[in-house]
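Trainee: Could we go through this model together, one topic at a time? I would like to learn how each answer is reached.

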Amino acid sequence: MHYYEVAPTAIIRPGTDTFTYSSELALSIGEIVVIPVGKKSYNGVVINISSKPKFETKDITTTTGKILPKQTLELLSWIAKYYNSPLATCLQMAIPPGLHKKRRNKEINTEIHPRKRTNILFTPDQNEAINTVNNNDPGTFILHGVTGSGKTDVYIELAKKTVAQDKSCLILVPEIALTSQIISEFSNHFDNILVIHSSLTEADRHNTWQAILSSDKPQVIIGARSALFSPLKKIGLIVLDESHESSYKQEQAPRYSSLRVATVLGKLHDAKVVFGSATPSISELYMAQKAKRPIITMKESAVKQEVSSDVSLIDMTKRNNFKKHRFISDKLLQEIENNLSKGSQTLIFHNRRGNASTTLCSSCGWTSICPRCYVPYTLHSDTHQLKCHICSNTEKIPNHCPECQNADIIFKGYGTKLIESEISKIFPEANIARFDADNKEIETLRSRYSELYSGEIDIIIGTQIVAKGLDLPKLGTVGVIQADSGLALPDFGTIERNFQLLTQVIGRVGRNNTINSVVIQTYQPTHPSIAFGINKDYDGFYKYALEQRKLSKFPPFTHLLKLTTSYKTEASAIKAARSLNLKLKKILHPDVTVLGPVPAFYERQFGNYRWQLVLKSPRREYLLDVIDSVPTNNWQYEIDPTSLL
Ligand SMILES: [Zn+2]
Ligand SMILES: [Zn+2]
């Protein structure tokens, strides 16, 4: 009889990750098995060989015969420790659901959009970047390249070399929406690219996983952060494109950073890890400088620019800039008209969805708010609804005020749907497409990619999604409706996010050799995130923002732990927050400071009251120790949060 430490893929007993089981068959470390727990059965992973224990053990029910590569298993164990998270939660990320189901072997769906392309001619910057990665030892590299500097070509060249060495490549992108574009560029150079993201069907996910597990050939995988847990045996290259994007942080437990995970995965495989971005996170760059890791800069555009962008900053407090429309400036309207007449595209960016952000009574000031989250409802005129953007609760649009019965209800603020309907009134002949979280699948960037690329769509309106990495050869103008609209949020990362977004969106133009323009509307034209942003001055912004973080003692100068409690009643939430605060005071290292307890920024969510404590520490270990004292019920913890909201 053999004995094994097996980790179930579900939490059986909090605090215990593995249990001892017996087996007639000899099994391998990493083997995925089925184990009985009480009357139920679970998937589990063999973690270790054990000696015969003194207590009774149950038999492993059966084995799936599938074995996780040792690096995947080591990576998951590392995540469990580094984020102080149950191992079961980590294992779930690497094992596709429905593993036991019998399936027919079927072709894996890959999306290919062929695009004609001649051989890549590298710029001096690109050559330098490729050589730096190739000539250095395995490790992490920051590739700081301005938008349009041709980072994708660098990735392709590095991937070719890696595959030639018989090793696999993982190319991560922050948004599923952007996979079409990078796949189409990679598919000019590689056959059989595998694609992994969360919107694959269970069957496709399973087939892809199986294909990776059983193959001995080097693979090229393009995907979202979950692709980090693909069962690859030999990885030579990991790329995180647009590495500053917030979607690289997983918001559910184990709340990991893909950058940290990729670094460790790279170490386990002795691979090269490349973080590519036009606006690297200031914490990441600072840490790389301190650790003397290679930082590669590409300052030149890959396309020789004969014309530079004409940038206009429109002060929204000056109403004579808005003679024709209340929130679309005369300048922007003029640019749209010019573009329409010469067949160029216009991209209009605004980071609010819906039609109006506030609905109120003109007589008594009543405001419609979500009763579960206490945030103003957003008006969605197309569906005749008020919608909560936190919990998705909806209500009918009121035809009179519920407080004073006054029939004059007004809508303030503007979202992408309103911009779309206003623009289509002014330019009825234009082909307009809106992209935001309200789109149905058929309207998404992914499904309309070829229309966008060919220029069939004249005017593109959208939220963050249109700002990120989209390559539009027919684009003539980028317009930003209100460049300061994200700045009101009280968070240490707000200014950096605003700068990154602005840089990204401005970077959409000027990738071809046509006359192009940028129109930025804002109430705060001198705000550093906007002033540095329109001048494309990353270095200036970096110095400024780093100094701010130093003064306010936020990352990278300190480590953070966010503890949030959530209860049905406000009294219980306050009580829980205060009692944990008292408990922590007795055990905390004297160097750790506690902010709070305070109500969370989103104080009510889904009908619950939320209070929070934020801990700052010069050493991360002090915070990890604290997690063990946080109650398991009604509390959520996040180490290294990127936002305190
Ligand atoms: Zn009223
Ligand atoms: Zn709500």
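Mentor: Happy to. Helices (H or I, at least four residues) and strands (E, at least two) are DSSP runs, numbered from the N terminus. This is a predicted model, in which local features need pLDDT of at least 70 and side-chain atom pairs count only at pLDDT 80 or more, while totals for chains, interfaces and linings use all residues. Residues are numbered from 1 along each chain as its sequence is written, chains are lettered from A and ligands numbered from 1 in the order in which they are written, and side-chain values use heavy atoms, with hydrogens and water left out.

Trainee: Where is Leu68 found, and is Leu68 buried or exposed?

Mentor: Leu68 belongs to the loop between β6 (62-67) and α1 (70-82). Buried means under 20% relative accessible area, exposed over 50%, and partly exposed in between (1.4 Å probe, protein chains only). Leu68 has 3% relative accessibility, so Leu68 is buried.

Trainee: How far apart in space are Leu68 and Val626?

Mentor: In sequence, 558 residues separate Leu68 and Val626. Taken C-alpha to C-alpha, their distance in space is 32 Å.

Trainee: Is Cys364 buried, partly exposed or exposed?

Mentor: Cys364 has a relative accessible area of 41%, so Cys364 is partly exposed.

Trainee: How many disulfides does the count come to?

Mentor: A disulfide is a covalent bond between the sulfur atoms of two cysteines. The rule asks for a pair of cysteine sulfur atoms within 2.5 Å. By that rule the count of disulfides is zero.

Trainee: How many aromatic pairs does a search of the whole structure find?

Mentor: Rings of Phe, Tyr and Trp (its six-membered ring) pair if their centres lie within 6.5 Å; planes under 30 degrees apart count as stacked, over 60 as edge-to-face and the rest as tilted. Searching the whole structure this way gives 16 aromatic pairs.

Trainee: Why is the pair of Phe186 and Phe190 stacked?

Mentor: The ring centres of Phe186 and Phe190 are 5.7 Å apart. The pair counts as stacked because the angle between the planes is 20°.

Trainee: Which parts of the chain does the pair of Phe492 and Phe554 link?

Mentor: The rings of Phe492 and Phe554 have centres 4.9 Å apart and planes at 5°, so this pair is stacked. Phe492 and Phe554 are both buried. They are 62 residues apart, and the distant parts they link are the loop between β23 (475-480) and α13 (494-506) for Phe492 and the loop between α15 (538-552) and β25 (559-567) for Phe554.

Trainee: Which charged residue sits over the ring of Tyr82?

Mentor: A charge sits over a ring if NZ of Lys or CZ of Arg is within 6 Å of the ring centre and within 35 degrees of the ring normal. Here the charged end is 3.4 Å from the centre of the Tyr82 ring. The residue is Arg620.

Trainee: How many residues of α7 are buried?

Mentor: Helix α7 (residues 258-269) has 12 residues. It is largely enclosed by the rest of the structure, because the buried residues number 10.

Trainee: What is the phi of Asp270?

Mentor: Most residues other than glycine have a negative phi, and most peptide bonds are trans. Asp270 lies in the loop between α7 and β12 (272-277), and at 54% relative accessibility it counts as exposed. Although Asp270 is not a glycine, its phi is positive, at about 60°.

Terms used
The expected span of a helix is 1.5 Å times one less than its number of residues.
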